[in-house]
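Dear colleague,

Please find below the structure that I am handing over to you, together with its sequence. My findings follow directly after it.

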There are 2 protein chains.
Amino acid sequence: MATEDGYDALSAETLGDRLAGVGRLEEHVGPDPSQWQVREVGDGNLNLVFIVEGPNGAAIVKQALPYVRLVGDSWPLPLYRAFYEYHALTRQAERDPGSVPEIYHFDEAQALIIMEFLSPHTILRRKLISGEKVDGLAERLGLFCARTAFRGSELSMASARKKADVGLFSGNVEIPAITEALVFTDPYFDAEMNNHTAGLAPVIATLRGDTRMKAKVQRMLMKFASNTETLLHGDLHSGSIMATGSETKIIDPEFVQYGPMGFDIGMLTANYLMAYFSQPAHRGGDLESYQEWLLEVIVGTFATFEAEFARLWREERTGMLYPAALFEDQGQPSDEARDAVLRNIWEDAMAICGIEMHRRCLSLAHNADFEEIEDAALRAPLEARNLMMGRDLILNAETIADTAALCDMARAYNGKDML
Amino acid sequence: MATEDGYDALSAETLGDRLAGVGRLEEHVGPDPSQWQVREVGDGNLNLVFIVEGPNGAAIVKQALPYVRLVGDSWPLPLYRAFYEYHALTRQAERDPGSVPEIYHFDEAQALIIMEFLSPHTILRRKLISGEKVDGLAERLGLFCARTAFRGSELSMASARKKADVGLFSGNVEIPAITEALVFTDPYFDAEMNNHTAGLAPVIATLRGDTRMKAKVQRMLMKFASNTETLLHGDLHSGSIMATGSETKIIDPEFVQYGPMGFDIGMLTANYLMAYFSQPAHRGGDLESYQEWLLEVIVGTFATFEAEFARLWREERTGMLYPAALFEDQGQPSDEARDAVLRNIWEDAMAICGIEMHRRCLSLAHNADFEEIEDAALRAPLEARNLMMGRDLILNAETIADTAALCDMARAYNGKDML
């Protein structure tokens, strides 16, 4: 697949020859490419991913394809997304050290990132389907969301630097367009690439007939598309998290863009809730205790987020927003102002959460939590609970008090027959 | 003031030689520069402005200075603002034909725009101080605000084009920084360049002691600095409007930036309200009727804005936001969704209005409506009404029902002794 610009997709066969001489790859894998074992393991929707192993260890080689892998070359997608992913990873590493894989090498022309091989980490979504717990998961993600949100905003950054960065990332158009369509729009009409479980028609009719809810979804789309509060991960679901029993790393920020501070934690929460609602098809005797653990993760994530955000507010509020000159320097606390900011993040997160719960059952890219339930007659009522709670979250984002209320809502839907 | 990049500030003496040969200037003024009469008339805060007259007619030559004229060369300001002003003017002309002066010529290196000389137009602020009425003022500004807001947003524009434009304007850092400081921050602490009328100390203490209000102001700053809903004029006060008795034009968009759709109309409303509160020092017997006319202008501006926004929503909603696929194509009206968007614009406008009413009495750049009241003992109580109503607007933006309620509020403050 050589192109005029010199881009050429790697294969397991060509990788050794192509990447021979990349010093940091040799350092981590071994100096002799003939000793490298190369496996293509990309199970995502967009890219080639290779594990390269050798006498010194292993590394990941991730290369963008010029189209959406899930769909094929009928849906072209620019290679420059690797450039944005690289810049996202370096910023995340700086803002929350240790949260993302270490970068060894970036080749812009080949749309290729060579990075740390995380082992024995596996994708969090697989763990949640298998009923495995991860110690420290809530704390790790709460810190990640708080630190990237705060340190990427004008609460912390100098405005000129932040605005230059907004300019840089404004070139990434096609990737946000995927989110804009698949997440915010397609679920709510009969879009071409949609698919859904048989039996959901009455619930879908309810969602599509609810103009007030759809208006709120479009309001969130407007915020998502025209709000540069902070640099988002942009796709923070349980498939973008790798974990062992006790260590968690965040991967795959190619959907990076500037957006509202509540976006990442809202999407993440949706993925925990979808894991929660799908559990009855995956668990036996430990169903209730595992579901409760998932809710504890949500509670813990927000608790950590808010505590860390408050710490950063106190210790690192060096940007132009909410300056100390207006509060502390006049002998006045800024706690109420901070809590109002946190409340806005919470409300945005709740609405985003509901929208993500919809799109994963209704538009193109479903998630394995539900998708691997083979019996549609079992899957549909579980998805229906998820969909109707999503609607509730979108409609009532402004009145849900806190994570305790959110968890009570989940427990209530978990017992309901929505079909 | 020649610089290494070839920029050289014009003077009335050098202009003829420097601009000889600029075809469109010769066309509008006359082919022989020795017959040109040149007057420097810049009374604003930032630029050189020349009127060039000759046998064929006249033209305006506007040139940016590399510093803030109001303050001096201790406050440098990049020349590239002329580039952004030029791009703002061309977009405004396209989105609301006839609303802005025609551009004849742009020279980026000289930071220079040659444009239509508006005659016999005068600055609207002067008219409001003199008690002159302008027919069609509300309609003209309502249309301008609605058309630029709607047609510059993703309600109308293709997302890729709009995002590229956000990238272009993200290079304009120093000009928004002036607004961020002077408008949103300086009024609320003892900033170096602040000045205020003697006697206002108790009101200022009330404002600076109100942490809830200051938090709301900072929330609006966050929206202003990190919200790219549409391309704003950015400085739409009564000094940026030129009018005859029956024709109105909008000038000086060098504070152009992407921002919230309610910003321009909110700032404009504040300037009408400041004209309103200052009138007792400028009028005699016709005071009440002229003040009521000012309120009618506010009512008419919003009525036109909302009607035009609704028309554009119906006829030009071609962007990705609130697509017909989710409403009309499913046989469902989008009126409720549109009204929610308009309500958000209104609430943002009310908060911005209150903030503008504060900064014009408290930070660097005061407005002539109050400033020309020579007797501080007369000026202070009028400014106090304005400041206290500004606070009311910021605190209660979400509960003010409509323009009728806004006008009632103005009438109530107009009779109050706030000191």
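This is a predicted model. The largest nonpolar core has 238 residues, and those that touch the most other members are A:Val61, A:Leu273, B:Val61 and B:Leu273. For A:Leu273, once neighbours within four places in sequence are left aside, the residues in contact are A:Cys353, A:Met357, A:Asn386 and A:Ala410.

Regarding chain A as a whole, its secondary structure consists of 15 helices and 12 strands. Its C-alpha atoms fill a box of roughly 65 × 60 × 40 Å along the principal axes. The radius of gyration of chain A is 22 Å, which agrees with the value near 22 Å that a compact globule of 419 residues would have. Of the 419 residues in chain A, 50% count as buried. Among the contacts in chain A with a separation of 6 or more, 75% are between residues 24 or more positions apart.

I turn next to the contact between the two chains. Chain A contributes 41 residues to the contact, and chain B contributes 41 residues. On the side of chain B that touches chain A, two or more residues each come from helix 6 (159-169), helix 7 (174-182), helix 9 (211-225) and helix 12 (335-362) of chain B. Helix 9 of chain B gives the most to this side, with nine residues. By residue type, the side of chain B that touches chain A comprises 19 nonpolar, 12 polar and 10 charged residues.

Yours sincerely

Key:
Residues numbered from 1 in each chain as written. Chains lettered and ligands numbered in written order. Predicted model: local features only at pLDDT ≥ 70, side-chain atom pairs only at ≥ 80, totals over all residues. Core = buried A, V, L, I, M, F, W, Y, C linked by C-beta atoms within 7 Å. Buried ≥ 20, exposed ≤ 12 C-beta atoms within 10 Å, placed from the backbone. Contact = placed C-beta atoms within 7 Å. Helix = DSSP H or I, 4+ residues; strand = E, 2+ residues; numbered from the N terminus. Nonpolar A, V, L, I, M, F, W, Y, C, P; charged D, E, K, R; others polar. Rg over C-alpha atoms; globule rule 2.2 N^0.38 Å.
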